[in-house]
Amino acid sequence: MLPNPRAEGRPDIGVCMRGAGWALAGAVAAVLFSATTASAGTFEDRVLSKINEVRADPHAYARELRRGEGREERHGYARAAYVDDDATEEAVDFLMRQRPLPPLRADGRIASAAAEHVRRQGPRGDVGHGATGSLGARLHGHGVWAGISGESISYGQPTPSEVVRQLVVDSGVPGRGHRMDIFARSYQAAGVACGRHAAWGSMCVIDFAGAIVRR
């Protein structure tokens, strides 16, 4: 597993693949990601839709995780990231205790801030959020002043369901920071941007914001 550097106050990597086969897995993910996303907006809309589905009915998603849905094989390749049974079971326990939350509103400005990070990071194959404060700077650059904000990034997942699954299970991430983002009551809006990643095949950036101030 890749190291987990910290930025914006939380662990920032949701990569769940390990071992010598990561390069092949990343290449396959890139092919599947390309085939799945005839329209990038459609893929990104489906990521946010799945996040809102999980927020609205965490108990149903717990049952989905327990059944192993979203991990079907395609083209002879098991598309799921590294399967961490302990982390999955811990996620199920969390979800069964979690109360439903209202949906996150899609915000094009926040999505533009996320897309800026994809454009900068994807071609280089880097991981992480960038320098401390970079999320706030990106949001401000797109006209968003938020009292609270957060960012989750998924790498190497070729479908919207697997992007969300990776972040909810959050294997190997201390404090399950990505899961906490998805289930934070303080966020009211979000923006998603996904694209190619030189090392992991694909990446999805989800930026969250709450207490947004109009200017």
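**Helix packing and aromatic pairs in a predicted model**

Trainee: Are helix 4 and helix 7 roughly parallel or roughly perpendicular to each other?

Mentor: Helix 4 (residues 85-97) and helix 7 (residues 160-169) pack with their axes 9 Å apart, at an angle of about 85°. Angles from 65 to 115 degrees count as roughly perpendicular. The two helices, helix 4 and helix 7, are therefore roughly perpendicular.

Trainee: Which residues in helix 7 do Ala87, Thr88, Ala91 and Leu95 meet?

Mentor: Those four residues belong to helix 4. Their partners in helix 7 are Arg165, Val168 and Val169. By type, the residues of this contact divide into 5 nonpolar, 1 polar and 1 charged.

Trainee: How many aromatic pairs are found in the whole structure, and which one is edge-to-face?

Mentor: The search finds 2 aromatic pairs. Planes over 60 degrees apart count as edge-to-face. At 65° between the planes and 5.4 Å centre to centre, the edge-to-face pair is Phe94 and Phe183.

Trainee: Where do Phe94 and Phe183 lie, and how many residues apart are they?

Mentor: Phe94 is in helix 4, and Phe183 is in the loop between helix 8 (177-182) and strand 7 (189-197). The pair links distant parts of the chain, 89 residues apart.

Trainee: Is Phe183 buried or exposed?

Mentor: Buried means under 20% relative accessible area. Phe183 has 7%, so Phe183 is buried.

Definitions and conventions:
Residues numbered from 1 in each chain as written. Predicted model: local features only at pLDDT ≥ 70, side-chain atom pairs only at ≥ 80, totals over all residues. Heavy atoms only, no water. Axes fitted to C-alpha atoms, helices over the stretch in contact; angles between N-to-C directions. Parallel < 35°, antiparallel > 145°, perpendicular 65-115°, else oblique. Contact = heavy atoms within 4.5 Å. Nonpolar A, V, L, I, M, F, W, Y, C, P; charged D, E, K, R; others polar. Phe/Tyr/Trp six-rings, centres within 6.5 Å; stacked < 30°, edge-to-face > 60°. Buried < 20%, exposed > 50% of the residue type's maximum accessible area, 1.4 Å probe, protein only.
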